[in-house]
Every structure is written in C-alpha cells, then in structure tokens.
Amino acid sequence: MEHASTVIGAFSEEHAAQLSGVSRRQLRQWDKKGLLHPSYGAEDSGLPYGRTYSFRDLVSLRALGQLRNQYHVAEAHLIEVQKELSVLSDEPWASRTLEVLNRRVVVYDSASRHKREVVGGQHVFNIPLKVVITGVRSDVAKMNERSGDQVGKVVQAKFVSQNQPVLSGTRIPVAAIQSFARAGYNTDRILKEYPGLTAADVQAALAYESDSAAA
C-alpha cells in the first residue's frame, strides 16, 4: 500500500468525493459522526469550502468507501473499528491492510500471528475479502492534468489559494514564482522547483508582475 504521507495536497469536498468514490452526503455524515474529519476543515463546516481534505484523508476515504458501500459493513461497526484502530495509529484506515469477514473488519495480529476481528478480538481462520486501496496517487495526477489552453496563463478565482493569482490549472501562486526570480533563479532553476510547470508558465508569472505594477 502506498504511504499516505508521501503526497501533499488540499482537496475540496467535491474533489474528495470524486477521488474516493464516496458521496458528498456520506462525507458530511462521516464528518458529523466523527468517523473521518477533513484535515483542514473549518470550524463552521457549512461555509463554502469549509471541508478541505488531505491526501491521507483520500486514502482513508477510499478504504471506508469500500468497507461501507462495497462490503456493506455497518456504519456503527466502522465507528467502533475507528476507535480501536486510532489507539494503534493516527492513520487507522490507511496504515494497514484491512479485510472483511461477515461484514466485520479483520486485521492481522502480529503478536498471535493470526487474523482477528478488530472489535471483540475473535480470531478468524478463513480468508476474508481484502480491502485494496490502489490508484489514489494516479487519480490525483489525472485530476491535476492541465489542458493546453491553461499553460502560460494566470487566473484569479474565489476560494483558490485565498484568491491569490495562480497559474491556471494549478494552485501555485504567481507570487511564489516571482519570489524565486527575485532571489536570482532563472527559468530553468524555477522549473526544477516546479517540474509540473513550463517555461511559458514562468514567463506568464513574471509578466503578471509587470502588468500589476503598471496598473
């Protein structure tokens, strides 16, 4: 399983639902019931973009989505499992391989070298169904793919990077590119810092500085 801490990102509720396969209604229910809170959620989660999820959240949501929607594990049982696993790890849904037997969540117990139910601790000896978490990283990459008409453009949109000007199709602030340029970085060095950008993006960011100053 890919480790959930290897990707840094912030994802809206809409994107979290799209990438995890969990409905927005379930996201809100699970937040309310304490099953999974968004890492960057605002105190008032009713605000626009009040729920913002990390990459680790997406991996956990994909596991929870499979358990609840594919294997039909009861929500009440998932809440009990979450409490038990949280004692062992701060990534209860993303740090271990989970399996399912008779709609109960099973883990491997390294002490006894047997599989056991998370809640109740009963050992099991047949082979449960495995919850497989794959493709989250590639799905994020696909979502972040930029179209040709976004390259070399600066945009400013509400709720994106606190309304700062960013390079179109990214969350990279123009100000960050400008800072590197002022520090003496040329285009090639800036692109090493941001390998997803192009020379046209860097030029657009620097040109935006001139346009702003002239305004």
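**Notebook: helix packing, the open sheet and selected residues**

I began with burial: 40% of the 215 residues of the protein count as buried, where buried means under 20% relative accessible area, exposed over 50% and partly exposed in between (1.4 Å probe, protein chains only). I note that the model is predicted, that local features need pLDDT of at least 70 and side-chain atom pairs pLDDT 80 or more, while totals for chains, interfaces and linings use all residues. Residues are numbered from 1 along each chain as its sequence is written, and side-chain values use heavy atoms, with hydrogens and water left out.

**Entry 1. Overall content**

I recorded 8 helices and 9 strands in the protein; helices (H or I, at least four residues) and strands (E, at least two) are DSSP runs, numbered from the N terminus. Of the contacts with a separation of 6 or more, 55% come from residues 24 or more positions apart, a contact being heavy atoms within 4.5 Å.

**Entry 2. Helix 1 and its two partners**

Two packed helices are described by the angle between their axes and the distance between the axes. I therefore looked up both values, with axes as lines fitted to C-alpha atoms, for helices over the stretch in contact, and angles from 0 to 180 degrees between N-to-C directions.

For helix 1 (residues 13-20) and helix 3 (residues 55-70), the axes come within 9 Å and cross at roughly 50°. This makes helix 1 oblique to helix 3; angles under 35 degrees count as roughly parallel, over 145 as roughly antiparallel, 65 to 115 as roughly perpendicular and the rest as oblique. I listed Ala16, Leu19 and Ser20 of helix 1 as meeting Leu58, Leu61 and Arg62 of helix 3. The residues of this contact of helix 1 with helix 3 divide into 4 nonpolar, 1 polar and 1 charged. In this division Ala, Val, Leu, Ile, Met, Phe, Trp, Tyr, Cys and Pro count as nonpolar, Asp, Glu, Lys and Arg as charged, and the others, Gly among them, as polar.

I then turned to helix 2 (residues 24-33), whose axis comes within 9 Å of that of helix 1 and crosses it at roughly 110°. Helix 1 and helix 2 are therefore roughly perpendicular to each other. Glu13, Glu14, Ala16 and Ala17 of helix 1 make the contact with Arg24, Leu27 and Arg28 of helix 2. I counted the residues of the contact of helix 1 with helix 2 as 3 nonpolar, no polar and 4 charged.

I traced an open sheet of 5 strands in the order 6-5-4-3-7, with antiparallel pairing; two strands pair if DSSP finds at least two bridges between them. Strand 6 (123-124) and strand 7 (129-131) stand at the edges with a single partner strand each, so one side of each is left without a neighbour in the sheet.

Strand 3 (residues 98-101) pairs with strand 4 (residues 104-109) in the antiparallel sense over 3 bridges, and leucine 101 has arginine 104 in strand 4 as its bridge partner. Strand 4 is also joined to strand 5 (residues 114-117) by 4 bridges, and the two run antiparallel. There I found valine 107 bridged to arginine 116 in strand 5.

Helix 3 lies across strand 3, strand 4 and strand 7, at about 150° to strand 7. Helix 4 (residues 75-88) packs on the sheet as well, touching strand 3 and strand 4, and its direction makes about 25° with that of strand 4.

**Entry 3. Positive phi values**

Most residues other than glycine have a negative phi. I noted the exceptions below.

- The hairpin of strand 3 and strand 4 has 2 residues between the strands, and asparagine 102 in the turn has a positive phi of about 50°.
- Arginine 103, in the loop between strand 3 and strand 4, has a positive phi of about 65° and is exposed, with a relative accessible area of 52%.
- In the hairpin of strand 4 and strand 5, with 4 residues between the strands, arginine 113 takes a positive phi near 60°.
- Histidine 72, in the loop between helix 3 and helix 4, has a positive phi near 60° and is partly exposed, with a relative accessible area of 43%.

**Entry 4. Two residues within helices**

I placed glutamine 66 in helix 3 and found it buried, with a relative accessible area of 14%. Not counting residues up to four places away in sequence, glutamine 66 touches Tyr71, Val131, Val132 and Ile133.

Leucine 191 is in helix 7 (residues 187-193). With the same exclusion of residues up to four places away in sequence, leucine 191 touches Leu197, Thr198, Ala199 and Val202. The C-alpha atoms of leucine 191 and valine 202 are separated by 8.0 Å, the two residues being 11 apart along the chain.
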